[in-house]
Amino acid sequence: QVLEGMAALGSALSTISAPPSRVVTSWITDQVNPIYWRPNNECIICTSCHVSLTTIHHCRKCGEGFCDGCSSNTALVPERGWGGDPVRVCDTCYRDKDQDTALFEESVLTDESLVRARQYHEVISGTLASVAKMPLEFFKDSTRPSYWVPDEQIKECSVCGELFGPRLTLHHCRACGQGVCDPCSPTQKPVKDRGWDNPVRVCNNCLA
């Protein structure tokens with residue numbers, strides 16, 4: 001179910017042209033960024049070397065936007081709520097990493113809860129990036145319901161008998177688990193006895 005939801009989201013995003021897609025991505029990112037970070041739409045050039053930014057990296061200490069080369073170091077920034085693990089900082093803040101946090105003004109200190117959304121975002125993004133590198137077939141084989149007939153055992157549609165191939169895609173009926181073609185499974189409905197509470201693909205035989 002999760003894989004199908006991700007596939008549907010990917011399909012929807014692929015229909016968005018590049019400029020609107022970047023705007024949507026930037027807006028979503030701004031929603032999870034800490035309040036002291038400079039908004040993405042204001043990060044046009046690197047704060048340090050002034051090159052145009054294609055990929056924006058925020059320093060976890062000062063919150064400004066930098067290029068990768070000017071923010072490749074990591075340091076502890078507990079005063080901003082980043083806990084006890086090293087996080088990305090710009091070159092300037094890296095040089096000042098040993099500054100006594102007691103010298104920070106109260107307005108500089110940040111509650112850990114205010115950066116938590118960004119921390120979750122980074123964990124999820126990193127996980128999805130790792131998942132994206134794995135073959136989709138690996139996930140399909142490991143997540144198929146036990147009642148589904150394995151792909152390698154399916155040669156033809158269980159409804160019309162047409163052979164599967166490049167011109168005929170194999171699908172699974174969520175009710176019976178048999179392999180069916182698209183014309184023989186055009187209808188969606190909940191199959192609650194199989195755990196599918198939302199409308200899902202069912203074959204014509206299971207509709208009869």
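Mentor: Here is the whole chain in brief, then the pairing, then the residue.

This is a predicted model, in which local features need pLDDT of at least 70, side-chain atom pairs count only at pLDDT 80 or more, and totals for chains, interfaces and linings use all residues. Residues are numbered from 1 along each chain as its sequence is written, and side-chain values use heavy atoms, with hydrogens and water left out.

The chain has 6 helices and 8 strands. Helices (H or I, at least four residues) and strands (E, at least two) are DSSP runs, numbered from the N terminus. Of its 208 residues, 29% count as buried, meaning under 20% relative accessible area with a 1.4 Å probe, protein chains only.

Now the pairing. Strands S7 (residues 187-191) and S8 (residues 196-202) run antiparallel, joined by 4 bridges. Two strands pair if DSSP finds at least two bridges between them. Thr 187 stands opposite Val 202 in S8. The S7-S8 hairpin has 4 residues between the strands, and Gly 195 takes a positive phi near 95 degrees.

Arg 201 lies in strand S8. Arg 201 counts as buried because its relative accessibility is 18%. Its side chain makes a polar contact of 3.2 Å with that of Asp 182. Another, of 2.8 Å, joins the side chains of Arg 201 and Ser 185. A polar contact is a pair of N or O atoms within 3.5 Å; within protein, one must be able to donate a hydrogen and the other to accept it, and residues adjacent in sequence count only if both atoms are side-chain atoms. Leaving aside neighbours within four places in sequence, Arg 201 is also in contact (heavy atoms within 4.5 Å) with residues including His 171, His 172, Cys 173 and Thr 187.

How values were computed:
Buried < 20%, exposed > 50% of the residue type's maximum accessible area, 1.4 Å probe, protein only.
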